[in-house]
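Welcome! Please take a look at the model below, and then let's walk through some of its parts together.

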Amino acid sequence: MDKLEKIIAYYIENQEDKNVEKVTFLQENIIKKSSDEIAALLANVVPEESGGIVSISGFYYQFLVAIEYIIDMLMDKWDYIFIEHLDDIVVGKDNLVRFIQVKTSVKVTMDATTSPASGLYYRTPIAGRTERKNNSWIDKLLSKAELLQQKDGYTTQFQLYSSYHFIKTNGFNVDVYTGNSNYDMDIADNDHLLSKLSAPVCDKNDECYDYEIRCGEKPKELLRRFYLHTGMGLQKLEVFENHLCMRLSEWLFHDVGDRVKVHPKDLNTLIGHLCTRCTYRDSSERLLITRDKLEKILDGIRTNCLNSVEQTTEKHGNMSAVSKIIDSIVCEIENCAHASVFKDKLYTYREYLQQWVDDGGNIRSLIERYVDGTVKSSAYVDLNELNRQQKLYDFFNIVFIMMIVKDSFLEFTNSNSLIIKKCTVSNLLFSFLSLESRSNLQAGLRKLESIIQQSDTNDHLYFLDKSLRIVFQNYMDRGFTQTVRHEIKSSPEIQLKGIEDEQPLNKVTYLVDIMPGKEINDDFVEVMDSQDCFRDKMQEIWNKYCSEVS
């Protein structure tokens with residue numbers, strides 16, 4: 001019994017009858033269940049309170065708004081941005097500073113006089129006094145003008161960025177501010193917000209607060225630079241994310257084109273960095289974000305996006321190359337007597353190769369190992385596209401032939417040097433090695449010995465208890481018509497101190513059967529149209545080339 005089960009068991013044993021329902025729930029849904037099952041159950045339970053989720057959504061929305069301003073900064077509209085310092089967001093350029101408060105709600109619209117929308121103008125009463133506290137949203141925004149006053153050469157702007165729309169009522173209308181995106185609107189003397197701000201008010205210390213004295217400007221002048229911006233609702237977070245991804249992509253990949261895109265997960269990476277900065281409350285410098293500070297983060301995002309596209313393109317290219325070769329083989333056997341059987345095996349093999357590509361298999365590595373027995377090779381680069389296609393055809397064609405002859409399936413192994421494919425119905429290993437066009441058997445054996453001797457320890461251990469048959473391809477040797485057995489020694493030898501007279505631990509001799517791929521292919525083609533005893537013909541090929549060599 002694990003720790004979780006012990007805790008639950010103790011809980012059940014100590015419950016009174018009034019909690020029978022909870023106990024039953026635990027017994028039926030929690031005990032003996034996996035973490036995934038429990039998580040799935042909890043995900044489907046409707047919580048009694050959703051305040052925490054709403055708060056998290058609000059914070060997330062605020063960071064999306066911050067990223068919107070960050071993108072503006074990248075495009076030189078702003079010089080810097082603060083997050084969670086003085087206000088939710090503060091941006092500046094030269095002597096212009098804008099303070100932004102972000103407000104969210106699950107609602108799409110809200111009457112201007114309805115809580116929490118009334119927070120825009122509502123001031124808290126002070127016991128025993130006619131004045132109220134200047135703690136409304138608009139007060140908190142406009143009072144920031146104290147810090148950077150017009151008389152000192154600064155221009156301040158104030159924005160309330162909300163996820164919902166304020167609906168005007170008979171007694172209150174703020175629609176005029178939703179059109180003040182230029183921050184320079186004339187304010188009417190009977191404006192509703194102006195009337196609220198003109199009433200006597202006190203600061204947090206209950207001392208009288210006068211905007212003209214404290215900020216250097218009257219409320220009417222400050223309201224000229226107030227913009228009530230309605231953003232996308234929380235219900236449209238995905239639309240907001242996609243909008244930001246598009247804008248950030250345009251900046252990050254202007255030199256690449258539209259084939260590379262920033263994704264929401266990349267936005268979350270950026271938000272993670274911003275959140276980290278917001279934990280340093282003792283240093284406002286950590287909350288300051290400049291273009292220079294962003295470069296390293298954005299370079300990382302750019303690299304990841306480019307790598308992702310490259311990997312996707314490579315995977316698509318790998319599968320496209322495989323499909324093209326399989327289709328070529330299909331076309332060649334289309335009219336043979338046993339085409340239907342061949343096709344079925346080929347299409348099954350193509351499905352396997354699709355999974356192989358999805359799991360990281362790639363054509364470049366395959367060609368390098370097929371030609372040189374190692375991925376530390378320039379074979380792929382040295383070959384032109386036509387020759388690459390020919391190498392792939394030679395490889396997959398002989399693999400297909402061996403599957404038909406053995407009436408089995410050949411799967412890739414985890415070897416790092418030679419391409420090794422394991423027979424699914426026996427302990428046989430088949431390897432495939434392409435030689436130079438003018439190589440003979442002896443040249444091929446020297447190449448093979450060099451490859452095996454340079455293979456890593458894991459490959460050597462893997463070969464130990466296996467029957468290894470190696471098919472040579474692309475050679476010029478008329479005498480090489482039968483399978484031959486060859487002895488290969490692993491080297492160099494390692495002598496351990498104190499046991500110099502003993503057999504070296506890594507001195508292993510491998511007996512491998514070298515099979516003539518050209519002869520196997522010719523024999524196979526000859527019997528493809530055989531109408532009688534097809535399996536007998538395949539057995540003959542097996543006995544001729546693949547049976548044990550004495």
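Before we meet the helices, here is how they are named: helices (H or I, at least four residues) and strands (E, at least two) are DSSP runs, numbered from the N terminus. Axes are lines fitted to C-alpha atoms, for helices over the stretch in contact, and angles run from 0 to 180 degrees between N-to-C directions.

## About the model

This is a predicted model, in which local features need pLDDT of at least 70 and side-chain atom pairs count only at pLDDT 80 or more, while totals for chains, interfaces and linings use all residues. Residues are numbered from 1 along each chain as its sequence is written, and side-chain values use heavy atoms, with hydrogens and water left out.

Let's start with H16 and helix H20 (residues 534–545), whose axes come within 8 Å and cross at roughly 115 degrees. That makes H16 roughly perpendicular to H20; angles under 35 degrees count as roughly parallel, over 145 as roughly antiparallel, 65 to 115 as roughly perpendicular and the rest as oblique. Contact means heavy atoms within 4.5 Å. Here H16 contributes Ile 404, Val 405 and Lys 406, and H20 contributes Phe 534, Arg 535, Met 538, Ile 541 and Trp 542. By class, this contact has six nonpolar, no polar and two charged residues. For these classes, Ala, Val, Leu, Ile, Met, Phe, Trp, Tyr, Cys and Pro count as nonpolar, Asp, Glu, Lys and Arg as charged, and the others, Gly among them, as polar.

Helix H14 (residues 363–372) also meets H16: their axes come within 10 Å and cross at roughly 75 degrees. H14 is therefore roughly perpendicular to H16. On the H14 side, the contact includes Leu 366 and Tyr 370, and on the H16 side it includes Arg 388 and Phe 395. The contact of H14 with H16 has eight nonpolar, no polar and three charged residues.

## Two open sheets

Strands of a sheet pair through backbone hydrogen bonds, either parallel or antiparallel. In this report, two strands pair if DSSP finds at least two bridges between them.

The bridge partner of Ile 419 in S13 is Phe 432.

## The largest pocket

A pocket is found on a 1 Å grid over the protein atoms alone: where a 1.4 Å probe fits but cannot get out, the set of points is a cavity, whereas a pocket is an open set with protein on both sides within 12 Å along at least five of seven lines; lining residues have an atom within 4 Å of a point. Grid points are joined across faces, edges and corners, and a volume is the space filled by probe spheres set on the points.

How much space lies in the largest pocket? The answer is about 310 Å³. Its lining has 18 residues, and Tyr 393, Asn 397, Ile 401, Asn 521 and Val 525 lie nearest the centre. Helix H12 (291–333), helix H16 (385–406) and helix H19 (517–527) each supply at least two residues of this lining.
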